[in-house]
Amino acid sequence: SDIDREYYGHIKFYEMLAKIVELYSKKNKQYATDNDPLGNFHRCGAMASKILKPDNKSLAVCLAYISKQIDGVFEMVGEGKKDCPDELKDKLMDVAVYSIIATILNDEYGKK
């Protein structure tokens, strides 16, 4: 198997990859299901397709970030997911912060 294979290059590279694998696993446990390991992207894509306006790209990105945080809240509260990398209050604060930023981006776009 590839695990037993000798790899070449800097050892820190492989240590960082191991940390990325661990982080991905923790986050995927929160957002995904066994049937859909990319479920969070599919759900957020469905939300984003309803709210994004292609003429204001900055606002669109911010709204996508909001939808990602809201999806996390739904998973924690609605699905009862535990052992999440972030706490519920962190997700809710992120929604608040991104909402204020979205308001500013929307206002600035209207001035152009």
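Modeller: At 1.5 Å a residue, the 13 residues of helix 2 (residues 39-51) should span 18 Å, and its end C-alpha atoms are 19 Å apart, which agrees. The expected span is 1.5 Å times one less than the number of residues. Helices (H or I, at least four residues) and strands (E, at least two) are DSSP runs, numbered from the N terminus.

Biologist: What kind of model is this, and how are residues numbered?

Modeller: This is a predicted model, in which local features need pLDDT of at least 70 and side-chain atom pairs count only at pLDDT 80 or more, while totals for chains, interfaces and linings use all residues. Residues are numbered from 1 along each chain as its sequence is written, and side-chain values use heavy atoms, with hydrogens and water left out.

Biologist: Which residues of helix 2 are buried?

Modeller: Gly 39, Asn 40, Cys 44 and Ala 48 are buried in helix 2. Buried means under 20% relative accessible area, exposed over 50%, and partly exposed in between (1.4 Å probe, protein chains only).

Biologist: Why do the buried residues line one face of the helix?

Modeller: Seen down the axis of helix 2, its buried residues fall within an arc of 160 degrees, so they line one face of the helix. The arc is that of the directions from the helix axis to the C-beta atoms. An α-helix has 3.6 residues a turn, so residues three or four places apart point the same way.

Biologist: And which residues are exposed on the other side?

Modeller: Ser 49 and Lys 50 are exposed on the other side of helix 2.

Biologist: Changing topic: how many salt bridges are there?

Modeller: The count comes to three salt bridges, a salt bridge being a side-chain nitrogen of Lys or Arg within 4 Å of a carboxyl oxygen of Asp or Glu. One of them joins the side chains of Arg 43 and Asp 71 (2.6 Å, N to O). That pair links distant parts of the chain, with Arg 43 in helix 2 and Asp 71 in helix 3 (residues 57-78), 28 residues apart.

Biologist: Are Asp 71 and Glu 75 buried or exposed?

Modeller: Asp 71 is buried, with a relative accessible area of 2%, and Glu 75 is buried at 8%. Arg 43 is partly exposed, at 26%.

Biologist: What does Lys 91 pair with?

Modeller: Lys 91 forms a salt bridge with Asp 86, the closest N and O atoms being 3.2 Å apart. Lys 91 is buried, with a relative accessible area of 0%, whereas Asp 86 is partly exposed at 25%.

Biologist: Which residues of helix 4 are buried?

Modeller: The buried residues of helix 4 are Lys 91, Val 95 and Ala 102. Helix 4 (residues 88-110) has 23 residues and reaches 33 Å from its first C-alpha to its last, close to the 33 Å expected.

Biologist: Finally, what is the overall pattern of the chain?

Modeller: The protein chain follows the pattern α-α-α-α along the sequence, with four helices and zero strands. Of its 112 residues, 21% count as buried.
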